[in-house]
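Here is a guided walk through one protein model, written for someone who likes to know the cut-offs behind each term. Keep the viewer open and follow along.

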Amino acid sequence: MSQHLSWIEYGLNATRAERERQDRLKAEGRFRYTCADVEMSNPERLAVLMEEVGEAARVILEWGQLATDVHGKNLRTELVQIAAVALAWVEALDKIEVAT
């Protein structure tokens with residue numbers, strides 16, 4: 001981590017980069033929607049969020065079985081993805097509120 005960034009900024013920057021990656025994947029046709037799109041329903045967004053939470057849980061459960069540090073990096077990646085999905089959901093709610 002760069003010394004001039006706070007830990008919060010470091011995490012927020014990672015989350016922002018992940019949100020941008022989600023939008024890029026959508027533009028490439030890998031996703032029909034992101035959780036930021038108003039066309040996606042809240043139950044669909046919840047399913048995406050829970051899928052990411054499940055991936056983090058899998059990393060945590062596997063962590064105890066393996067003697068490598070790779071799981072700490074994998075857990076961070078999954079947690080950033082959870083934060084980015086939640087942020088995208090907030091974006092959608094904000095878009096819907098502005099439109100009404």
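Leu93 counts as partly exposed because its relative accessibility is 41%; on this scale, buried means under 20% relative accessible area, exposed means over 50%, and partly exposed is what lies in between, with a 1.4 Å probe and protein chains only. You will find Leu93 in helix H3. Together with Val38 and Ile96, Leu93 makes a nonpolar surface patch of about 230 Å². Patches are made of residues with over 30% relative accessible area and no salt bridge, where like charges are joined within 9 Å and nonpolar side chains (Val, Leu, Ile, Met, Phe, Trp, Tyr) within 5 Å. The areas themselves come from the Shrake-Rupley method with a 1.4 Å probe, and for residues only the protein chains shown count as cover.

A word on what you are looking at: this is a predicted model, in which local features need pLDDT of at least 70 and side-chain atom pairs count only at pLDDT 80 or more, while totals for chains, interfaces and linings use all residues. Residues are numbered from 1 along each chain as its sequence is written, and side-chain values use heavy atoms, leaving out hydrogens and water. The mean pLDDT (the predictor's confidence in each residue, from 0 to 100) is 90 for the protein chain, with 88% of the residues at 70 or more.

Now the overall layout. The protein chain has three helices and zero strands, giving the pattern α-α-α along the sequence. These are DSSP runs numbered from the N terminus: helices are H or I with at least four residues, strands E with at least two.

What lies inside? Of the 100 residues, 27% count as buried. The largest nonpolar core has 11 residues, among them Met40, Leu49, Leu75, Ile82 and Trp89. Helix H2 (42-63) and H3 are the elements that give two or more residues to this core, and H3 provides the largest share, five residues. Such a core is a set of buried Ala, Val, Leu, Ile, Met, Phe, Trp, Tyr and Cys residues joined through side-chain atoms within 4.5 Å.

Charged side chains come next. A search of the whole structure finds five salt bridges, each a side-chain nitrogen of Lys or Arg within 4 Å of a carboxyl oxygen of Asp or Glu. In helix H1, three residues apart, are Glu18 and Arg21, which meet at 2.8 Å, N to O. Glu18 is buried at 9% relative accessibility, whereas Arg21 is partly exposed at 31%.

Arg19 and Asp23 also form a salt bridge, at 3.4 Å, N to O. They are four residues apart in helix H1, so about one helical turn separates them. Arg19 is buried at 5%, and Asp23 is partly exposed at 36%.

Lys26 and Asp37 meet at 2.9 Å, N to O. Lys26 lies in helix H1 and Asp37 in the loop between H1 and H2, so this pair ties together parts that are 11 residues apart in sequence. Salt bridges that share partners also join Arg19, Asp23 and Glu91 into one network.
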